[in-house]
Amino acid sequence: MIKSLANVGVLAALALLIGCTHEAQKASGPRPPTSANQVTLYQKAPGTKYETLGTVSVPVGGAIKMDERGDATAAFVALREQAAALGANGLMFDEKKVPSDLVVTASYNGTFYTVPVNRQPRTARGEAIWVYEK
């Protein structure tokens with residue numbers, strides 16, 4: 001009897017854990033555009049439910065580059081604008097979720113992020129997301 005109660009307890013705990021995971025969901029449909037200043041940057045997946053809206057990328061070079069202090073404001077602005085056009089309120093740089101050739105560390109407004117980058121063509125990438133209960 002005690003053993004079966006322990007099993008029930010373990011199963012209940014597993015059910016709670018599974019129910020609390022925060023996995024990405026495919027977009028339920030097109031979202032109206034947001035503004036770039038509404039797009040929050042996430043290094044890793046947010047700790048709440050979110051939808052993936054699509055990958056955004058900007059070519060690296062010309063005006064889109066890092067300065068000697070690692071600042072890449074122009075790239076972050078362009079990525080946030082693209083994410084907003086997809087209706088995002090978040091932009092994720094999680095290298096486990098955004099396929100890329102390598103990652104670089106770049107600064108935006110004094111905060112450093114590890115950003116996925118492809119070599120050919122050389123582009124910085126991120127995943128536009130809609131975060132619920134932000």
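Reader: How far is the charged end of Lys49 from the centre of the ring of Tyr132?

Author: This is a predicted model, where local features need pLDDT of at least 70, side-chain atom pairs count only at pLDDT 80 or more, and totals for chains, interfaces and linings use all residues. Residues are numbered from 1 along each chain as its sequence is written, and side-chain values use heavy atoms, leaving out hydrogens and water. A charge sits over a ring if NZ of Lys or CZ of Arg is within 6 Å of the ring centre and within 35 degrees of the ring normal. Lys49 has its charged end over the ring of Tyr132, and the distance to the ring centre is 4.9 Å.

Reader: How many aromatic pairs does a search of the whole structure find?

Author: Rings of Phe, Tyr and Trp (its six-membered ring) pair if their centres lie within 6.5 Å; planes under 30 degrees apart count as stacked, over 60 as edge-to-face and the rest as tilted. A search of the whole structure gives a count of four.

Reader: What angle lies between the planes of Phe93 and Tyr113?

Author: Phe93 and Tyr113 form an aromatic pair, 6.0 Å centre to centre. The pair is tilted, and the angle between the planes is 55°.

Reader: How many residues apart in sequence are the parts that Phe93 and Tyr113 tie together?

Author: Helices (H or I, at least four residues) and strands (E, at least two) are DSSP runs, numbered from the N terminus. Phe93 is in the loop between β4 (90-92) and β5 (102-108), while Tyr113 is in strand β6 (residues 111-118), so the pair ties together parts whose separation is 20 residues.

Reader: Is Tyr113 buried or exposed?

Author: Buried means under 20% relative accessible area, exposed over 50%, partly exposed in between (1.4 Å probe, protein chains only). Phe93 has 0% and is buried. Tyr113 has 13%, so Tyr113 counts as buried.

Reader: Which residues do ring pairs link into a cluster?

Author: Phe93 and Tyr113 form one of the pairs. Ring pairs make a cluster of Phe76, Phe93, Tyr108 and Tyr113.

Reader: Which residue meets Arg31 in a salt bridge?

Author: A salt bridge is a side-chain nitrogen of Lys or Arg within 4 Å of a carboxyl oxygen of Asp or Glu. By this rule there are five salt bridges. In one of them, at 3.6 Å (N to O), the partner of Arg31 is Glu51.

Reader: What is the relative accessibility of Glu51?

Author: Arg31 is partly exposed at 23%. Glu51 counts as buried because its relative accessibility is 2%.

Reader: How far apart are the closest N and O atoms of Asp67 and Arg69?

Author: Arg69 is exposed at 59%, and Asp67 is partly exposed at 27%. Arg69 meets Glu68 in a salt bridge of 3.5 Å, N to O. With Asp67, the salt bridge of Arg69 has its closest N and O atoms at 3.4 Å.

Reader: Which element gives the most to the lining of the largest pocket?

Author: On a 1 Å grid over the protein atoms alone, a pocket is an open set of points where a 1.4 Å probe fits, with protein on both sides within 12 Å along at least five of seven lines; lining residues have an atom within 4 Å of a point. The largest pocket is lined by 14 residues. Elements giving two or more are α2 (73-85), β5 and β6. With three residues, the element giving the most is α2.
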